[in-house]
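Hi,

Here is the structure I promised to pass on. Have a look at it first, and then read my notes below.

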Amino acid sequence: MPRTVSRGVVALLLSCTLLLTTAACGGDDEAQSVGAAVTPTSTSTFEQQKLAKTRFVANAGLAAGAAYQWIVKPYRAGKFTKGADGRTLALVKAGLAGAFTYNRLKAAVNNAKGDPLLSRAVAPLSAGIESLKDLGTKLRKGEAGAADVGAFESVINSVKDAGKSAGAEVVEKVPSASQLGG
């Protein structure tokens, strides 16, 4: 069996060498244009768009899940108010979730650039996403208020609406605590 494998490898190497040397021997323009047309690409345009939408949905879903689970929901439950049970832990989780949400939203915007319809829908939201940059730190320090939590919720809803209008419906997916810290 090993002898058969080694013969196959040798045959493959010889055929590749033969193919490369014959492709390099062309002198006319037609041979060069054919060689250029044969250049392999990693993915086709359709696959890139499909992957872009899929990645956008995944990243935006994680951002929405983190913001809702560890920022909006605890805020509405009063976990961020002074004297509340578990306030410190809730604020630390909210700070991590804020940084995670910002990171995933930036990744979602980058993914949206791979799809023309999605990029047009998400492009106006870049300024809103940039405004969330420092909110993770504010949440961790306990300095965030209702307007800050509302900003998270507003940006997340805008991204979800933009995705839906482009045919990429975003579903909230709550990340694990280890994903927040990592």
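A quick word on confidence before anything else: pLDDT is the predictor's confidence in each residue, on a scale from 0 to 100. You'll need that here, as this is a predicted model. The chain has a mean pLDDT of 77, with 72% of its residues at 70 or more.

Next, the aromatic rings. Searching the whole structure turns up 1 aromatic pair. It is formed by Tyr 75 and Phe 80, with ring centres 6.1 Å apart and planes at 50°, so the pair counts as tilted. As for how covered the two residues are, Phe 80 is buried, at 10% relative accessible area, whereas Tyr 75 is partly exposed, at 31%.

Last one: Asp 148, which you'll find in helix α8 (residues 146-165). Is Asp 148 buried or exposed? Its relative accessible area is 15%, and buried means under 20%, so Asp 148 is buried. Apart from neighbours within four places in sequence, Asp 148 is in contact with Leu 135, Lys 138 and Glu 143. With Lys 138 there is also a polar contact, side chain to side chain, at 3.4 Å.

Cheers

Technical notes
Residues are numbered from 1 along each chain as its sequence is written. This is a predicted model: local features need pLDDT of at least 70, side-chain atom pairs count only at pLDDT 80 or more; totals for chains, interfaces and linings use all residues. Side-chain values use heavy atoms; hydrogens and water are left out. Helices (H or I, at least four residues) and strands (E, at least two) are DSSP runs, numbered from the N terminus. Buried means under 20% relative accessible area, exposed over 50%, partly exposed in between (1.4 Å probe, protein chains only). A polar contact is a pair of N or O atoms within 3.5 Å; within protein, one must be able to donate a hydrogen and the other to accept it, and residues adjacent in sequence count only if both atoms are side-chain atoms. Contact means heavy atoms within 4.5 Å. Rings of Phe, Tyr and Trp (its six-membered ring) pair if their centres lie within 6.5 Å; planes under 30 degrees apart count as stacked, over 60 as edge-to-face and the rest as tilted.
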